[in-house]
Amino acid sequence: MKPKLGIASDHGGFTLKEFLRKSLEESFEVVDYGTKSEASVDYPTIIGDACRKVLAGEVPRLIALCGTGIGASIAANRIPGIRAALCHDEFTAEMSRRHNDANVIVLGGRVLGTDLALRIVQKWIDTDFEGGRHERRLGLIEEQKP
């Protein structure tokens with residue numbers, strides 16, 4: 001049985017989402033939470049619904065995309081329990097897992113090429129959380145909730 005991984009995008013991230021989904025399907029059961037075309041949709045709804053699937057345990061982690069990644073990142077991080085990291089390279093993807101235990105990686109579909117995006121996602125998938133002092137810091141972040 002393949003491990004599960006979620007993926008979701010708005011219209012701005014659709015093309016890159018489709019490339020990543022197809023690239024990852026050999027190794028993962030990729031659960032596609034939409035969108036299904038380049039027709040305009042609202043990223044807060046698509047990304048918010050997909051993040052709730054992570055929190056419900058349907059998938060352990062999620063790849064979220066929009067045109068720049070900024071809107072999807074903001075939308076995802078509004079949901080308590082989500083730690084979304086907007087990543088532009090392999091180093092930030094690695095550190096988002098090692099130090100921040102990011103359960104959502106966010107990519108910009110209009111700012112990243114396909115090869116780089118796939119390398120970023122693969123680094124994020126392959127990296128584990130270190131715990132230790134970083135776990136304490138995540139606790140401090142949780143304390144910031146209103």
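Biologist: Why is lysine 17 called buried?

Modeller: This is a predicted model. In it, lysine 17 has a relative accessible area of 0%. Buried means under 20%, so lysine 17 is buried.

Biologist: What makes the contact between glutamate 18 and lysine 17 a salt bridge?

Modeller: The closest N and O atoms are 2.8 Å apart. The cut-off is within 4 Å, for a Lys or Arg nitrogen and an Asp or Glu carboxyl oxygen. The pair therefore counts as a salt bridge.

Biologist: Is glutamate 18 buried or exposed, and how do you know?

Modeller: Buried. Its relative accessible area is 15%, and the limit is under 20%.

Biologist: Why is aspartate 101 with arginine 83 called a salt bridge?

Modeller: Their closest N and O atoms are 3.3 Å apart. That passes because the cut-off is within 4 Å.

Biologist: What makes this pair a tie between parts of the chain?

Modeller: Aspartate 101 sits in the loop between α4 (90-98) and β5 (104-108). Arginine 83 sits in the loop between α3 (70-77) and β4 (84-86). The pair therefore ties together parts 18 residues apart in sequence.

Biologist: Why is arginine 83 called partly exposed?

Modeller: Its relative accessibility is 25%. Buried needs under 20% and exposed over 50%, so 25% falls in between.

Biologist: What makes arginine 97 buried?

Modeller: Its relative accessibility is 7%, and buried means under 20%. Arginine 97 also forms a salt bridge with aspartate 101, with closest N and O atoms 2.9 Å apart.

Biologist: What joins Lys17, Glu18, Arg21, Glu25, Asp32 and Lys36 into one network?

Modeller: Salt bridges that share partners. The whole structure has 13 salt bridges.

Key. Residues numbered from 1 in each chain as written. Predicted model: local features only at pLDDT ≥ 70, side-chain atom pairs only at ≥ 80, totals over all residues. Heavy atoms only, no water. Salt bridge = Lys/Arg side-chain N within 4 Å of Asp/Glu carboxyl O. Buried < 20%, exposed > 50% of the residue type's maximum accessible area, 1.4 Å probe, protein only. Helix = DSSP H or I, 4+ residues; strand = E, 2+ residues; numbered from the N terminus.
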